[in-house]
Amino acid sequence: MKNKLLTRQDFKEEVFKRDKHKCVVPGCEQKAVDAHHIMERKLFSDGGYYLNNGASLCAEHHLDAEIGKITVKEILDYVKVNIDEIPIPDNITIFDYVGLIKTDSLDKWGEKKKEIDSINEWWKQYENKKGKKETKEKQ
């Protein structure tokens, strides 16, 4: 299936519609409040607003997904997106992308996951990545 690029508003509407406006995390009955980008949208030169790059999440699970407590692979499983239907970010080959997702070794930013000893260490890495991305965008 070819991934169709959506507008920001259509992305949110289509993701919520597919997921019935509920958080996709199994066992969660909360209303979705965010159409989460499974892979960071800035990894796509076109913005990454693809239905198969989105998941409806409640506030708690959205934060969990952002900090890596819920993995890319888990979210793809929750929304039942087949591996051949996922959009591929610009900076990675399809071969590497599929392999890293299958082994749950890819983080939201398209990088191989590192072992993280604590949530505090994760936040340090997150803030570091965020700062580097913001610096690049300003240049």
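**Notes on a predicted model**

1. Start with the contacts. Among contacts in the protein with a separation of 6 or more, 64% join residues 24 or more positions apart. Keep in mind that this is a predicted model.

2. Next, the overall layout. The protein has five helices and two strands. Read from the N terminus, the order is α-β-β-α-α-α-α. The protein has 139 residues, and 44% of them count as buried.

3. Look at helix α4, residues 94-102. Its buried residues are Tyr 97, Val 98, Leu 100 and Ile 101. Viewed down the axis of α4, these buried residues fall within an arc of 165 degrees, so they line one face of the helix. Phe 95 and Lys 102 sit on the other side of α4 and are exposed. The cover over the buried residues of α4 includes α3, residues 72-78.

4. Stay with α4 for one more residue. Gly 99 also belongs to this helix. Is Gly 99 buried, exposed or partly exposed? Its relative accessible area is 31%. Buried would need under 20% and exposed over 50%, so Gly 99 is partly exposed. Ile 83 is 16 residues from Gly 99 along the chain, and their C-alpha atoms are 9.9 Å apart.

5. Asp 104 follows α4 and has a positive phi, near 55 degrees. Helix α2 itself spans residues 59-66. Its buried residues include His 61, His 62 and Asp 64. Ala 65 and Glu 66 of α2 are buried as well.

6. Now the nonpolar cores. The largest has 25 residues. Those with the most contacts inside this core are Ile 38, Met 39, Leu 76, Tyr 97, Ile 101 and Leu 106. Three elements, β2, α3 and α4, each supply at least two residues of the core. Another core, of seven residues, lies apart from the largest one. Among its members are Phe 11, Val 15, Phe 16 and Ala 35.

7. Which residues does Leu 106 contact, leaving aside neighbours within four places in sequence? Met 39, Val 72 and Ile 92 are among them. Tyr 97, Leu 100 and Ile 101, which are buried residues of α4, are also in contact with Leu 106. Glu 111 and Lys 113 complete the list.

8. Turn to the aromatic rings. The count comes to two aromatic pairs. What is the geometry of the pair formed by Phe 11 and Tyr 49? The ring centres are 5.4 Å apart and the planes are at 75 degrees, so the pair is edge-to-face. Phe 11 lies in helix α1 (residues 8-18), while Tyr 49 is in the loop between β1 (34-37) and β2 (54-57), so the pair ties together parts that are 38 residues apart in sequence. Both Phe 11 and Tyr 49 are buried.

9. Last, a loop residue. Asp 19 is found in the loop between α1 and β1. Is Asp 19 buried or exposed? Its relative accessible area is 11%, and the cut-off for buried is under 20%, so Asp 19 is buried. Setting aside residues up to four places away in sequence, Asp 19 touches Val 24, Ala 55, Ser 56 and Val 79.

How values were computed
Residues numbered from 1 in each chain as written. Predicted model: local features only at pLDDT ≥ 70, side-chain atom pairs only at ≥ 80, totals over all residues. Heavy atoms only, no water. Helix = DSSP H or I, 4+ residues; strand = E, 2+ residues; numbered from the N terminus. Buried < 20%, exposed > 50% of the residue type's maximum accessible area, 1.4 Å probe, protein only. Contact = heavy atoms within 4.5 Å. Arc of directions from axis to C-beta. Phe/Tyr/Trp six-rings, centres within 6.5 Å; stacked < 30°, edge-to-face > 60°. Core = buried A, V, L, I, M, F, W, Y, C linked by side-chain atoms within 4.5 Å.
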